[in-house]
Amino acid sequence: MSPTAPPAAAARPAKPLLRLGASICSLPAHFSHLSMSTSSSPPRAPPLAAAGGGAATSLLAADPGHRDAVLLAARGAMGNCLGETRLDLAVRGLRLAAKGKVRDVYESGEHLVLVTTDRQSAFDRVLASIPFKGQVLNETSLWWFNRTRHITPNAVVSSPDKNVTIAKRCSVFPVEFVVRGYVTGSTDTSLWTAYDKGIRNYCGNALPNGMVKNQRLSTNILTPTTKAVDHDVPIISLGLMSKEDFDEARSKALSLFKYGQEVAFENGLILVDTKYEFGKSDDGTIMLIDEVHTPDSSRYWIASSYEERFKSGLEPENVDKEFLRLWFKNNCNPYEDAVLPDAPEDLVCELAWRYIFLFETITNSKFDIPETQEPIQERISRNVAEALQSLC
């Protein structure tokens with residue numbers, strides 16, 4: 001069975017809510033430090049290991065020297081990852097509001113301070129700490145936030161540090177707007193897992209018989225979920241939001257995904273699926289929050305090899321955390337085992353490289369690897385304190 005071709009590039013345009021039995025998801029992610037120049041080095045494409053830890057391919061071996069340099073830097077930074085934050089003890093006036101699997105959220109008056117750590121999560125638990133990951137996620141989101149303002153406003157106020165975004169307070173809708181373009185995935189809540197079990201109506205979307213893993217859907221679909229205590233549970237009930245708000249957020253999510261697919265494809269990537277979160281400001285404006293098209297919230301494949309690998313029954317070349325998920329699934333029961341094995345250092349560094357590769361490929365800019373050995377926590381505390389003082 002032949003897959004539908006990846007999306008063709010298209011021209012691009014230059015009050016609290018009731019929570020009905022659902023907990024609130026992580027909160028939002030202008031960025032003073034992040035250069036938006038596209039005149040830097042072109043994106044570098046390294047050899048990526050095949051999904052599941054197989055042999056490296058040669059399709060992306062454009063600059064192996066750069067990959068080796070990043071892997072070396074990642075190994076050197078293993079001892080300086082941002083695993084825990086306690087800004088409330090270092091910055092006057094901050095209060096820890098929420099501790100997510102990846103982001104820690106602090107409150108300061110009318111603002112939220114979101115610190116993106118290096119924690120790596122999957123299967124609803126933390127698996128490892130990945131060097132530079134927090135910086136990659138924060139700067140990737142900021143890049144996308146800046147470029148999707150023609151679709152929706154967002155909550156971003158500033159970014160005083162490589163790992164930090166200061167955002168406006170808003171009432172968060174307790175729904176994650178998951179948009180999917182392909183039948184894929186390996187977790188219990190993935191579309192392929194459900195489809196393989198015979199489910200043909202998923203969150204209100206009718207699915208045809210005869211599809212195979214990693215096949216493109218005839219149209220992008222929305223599969224909204226809410227964060228439950230144990231894991232993400234698919235929902236279709238609109239009781240968590242008014243119909244008017246849901247319809248607006250739904251439209252924004254589908255438009256964001258279509259735009260993201262166009263940008264990704266122009267840069268040789270396929271945006272496979274992702275999630276969006278929205279909040280509502282005091283004046284009733286629905287804003288994009290949290291993160292946008294990061295390798296944590298999204299699945300990316302290499303476009304040039306997708307069709308050939310699909311026809312051969314091979315997993316797509318991925319540029320996200322899927323290969324680490326697969327390693328844990330192959331070496332333990334990540335849902336039930338109380339203690340998980342340590343992720344191999346080679347895989348940890350490879351994931352750091354893939355995240356940086358994705359950032360550089362999408363943004364056409366060079367990722368700024370920190371050269372200082374200053375503890376990340378001290379740097380963040382200093383930068384956040386100065387930023388909050390300027391907002392007073």
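## A buried pair: arginine 119 and aspartate 104

Arginine 119 is buried, at 4% relative accessibility. This value, like the others in this report, comes from a predicted model. The side chain of arginine 119 meets that of aspartate 104 in a salt bridge, with 2.8 Å from N to O. Arginine 119 lies in strand S4 (residues 119-122) and aspartate 104 in strand S2, 15 residues apart, and the pair links distant parts of the chain.

Aspartate 104 has 1% relative accessibility. Buried means under 20% relative accessible area, so aspartate 104 also counts as buried.

## Strands S1 and S2: arginine 95 and glutamate 107

A salt bridge joins arginine 95 to glutamate 107, with their closest N and O atoms 2.3 Å apart. Here too the pair links distant parts of the chain: arginine 95 belongs to strand S1 and glutamate 107 to strand S2 (residues 103-108), 12 residues apart.

The two partners fall into separate accessibility classes. Arginine 95 has a relative accessible area of 46% and is partly exposed, whereas glutamate 107, with 18%, is buried.

## Strand S1 and a loop: lysine 99 and glutamate 84

Lysine 99 and glutamate 84 form a salt bridge through their side chains, at 2.5 Å from N to O. Lysine 99 is in strand S1 (residues 95-99), while glutamate 84 is in the loop between helix H1 (64-76) and helix H2 (87-90); the pair, 15 residues apart, links distant parts of the chain.

Lysine 99 is partly exposed, at 47% relative accessibility. Glutamate 84 has a relative accessible area of 52% and counts as exposed, because the exposed class begins over 50%.

## Salt bridges in the whole structure

Some salt bridges share partners, and through them Arg103, Lys275, Glu277, Asp290 and Glu291 are joined into one network.

## Packing of helices H1 and H8

The axes of H1 and helix H8 (residues 345-363) cross at roughly 125° and come within 9 Å. At that angle H1 is oblique to H8, because angles over 145 degrees count as roughly antiparallel and those from 65 to 115 as roughly perpendicular. The crossing of the two helices is right-handed.

On the H1 side, the contact is made by His66, Arg67, Val70, Leu71, Ala74 and Arg75. H8 contributes Glu345, Asp346, Cys349, Glu350, Ala352, Trp353, Ile356 and Glu360. Sorted by class, the contact of H1 with H8 has 7 nonpolar, 6 charged and 1 polar residues.

Technical notes:
Residues are numbered from 1 along each chain as its sequence is written. This is a predicted model: local features need pLDDT of at least 70, side-chain atom pairs count only at pLDDT 80 or more; totals for chains, interfaces and linings use all residues. Side-chain values use heavy atoms; hydrogens and water are left out. A salt bridge is a side-chain nitrogen of Lys or Arg within 4 Å of a carboxyl oxygen of Asp or Glu. Helices (H or I, at least four residues) and strands (E, at least two) are DSSP runs, numbered from the N terminus. Buried means under 20% relative accessible area, exposed over 50%, partly exposed in between (1.4 Å probe, protein chains only). Axes are lines fitted to C-alpha atoms, for helices over the stretch in contact, and angles run from 0 to 180 degrees between N-to-C directions. Angles under 35 degrees count as roughly parallel, over 145 as roughly antiparallel, 65 to 115 as roughly perpendicular and the rest as oblique. A crossing is left-handed if the near helix is turned anticlockwise from the far one by less than a right angle, and right-handed if clockwise. Contact means heavy atoms within 4.5 Å. Ala, Val, Leu, Ile, Met, Phe, Trp, Tyr, Cys and Pro count as nonpolar, Asp, Glu, Lys and Arg as charged, and the others, Gly among them, as polar.
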